[in-house]
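Here's a quick tour of one structure, with charged pairs and a few side chains in focus. Have a look at it first.

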Amino acid sequence: MENVERRKYPRIKGTFVVSYRILEDVDSADLSQTKNISEGGMLLTTNRKFEKGTLLMLNLRLPFIEEKIELIGRVLESKEIVKDLIYETRLCFVEVPEETRQKIRATVQKFLESES
């Protein structure tokens, strides 16, 4: 069976610093990094498993952009990679302001251009 690309936006592999916390829990903050990112979402490593649908507040650092980008992501999947230690958590972004979307799009484009 063919592997059909279902993503709406191009995705780049990239290790960018991101802090995250459960939206309603200001004391749950942690620091991590992305594994890949697109205009619509990201994959990041986390130190715990999150239930599908959990909303996370994200503060993201992207190259070429001075200020941190603040986003809300909804967990699509969170799976254990290293027992009780590392999880890969897939998120889709929720209600992204157009200005923020453009910054992510520009970063993705720069990386795609440098790969070709």
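## A nonpolar patch

Which residues make a nonpolar surface patch of about 310 Å²? They are Ile81, Val82, Leu85 and Ile86. Patches here take residues with over 30% relative accessible area and no salt bridge, joining like charges within 9 Å and nonpolar side chains (Val, Leu, Ile, Met, Phe, Trp, Tyr) within 5 Å; areas come from the Shrake-Rupley method with a 1.4 Å probe, and for residues only the protein chains shown count as cover.

## Ground rules

This is a predicted model, so local features need pLDDT of at least 70 and side-chain atom pairs pLDDT 80 or more, while totals for chains, interfaces and linings use all residues. Residues are numbered from 1 along each chain as its sequence is written, and side-chain values use heavy atoms, leaving out hydrogens and water.

## Salt bridges

The whole structure has seven salt bridges (a side-chain nitrogen of Lys or Arg within 4 Å of a carboxyl oxygen of Asp or Glu). In one of them, glutamate 88 pairs with lysine 35, with the closest N and O atoms 2.6 Å apart. That pair links distant parts of the chain, 53 residues apart: glutamate 88 sits in strand E7 (residues 86-94) and lysine 35 in strand E3 (residues 30-38). Strands are DSSP runs of at least two residues, helices (H or I) of at least four, numbered from the N terminus.

Glutamate 99 and lysine 103 also meet in a salt bridge (3.4 Å, N to O). They're four residues apart in helix H1 (residues 98-115), so about one helical turn separates them.
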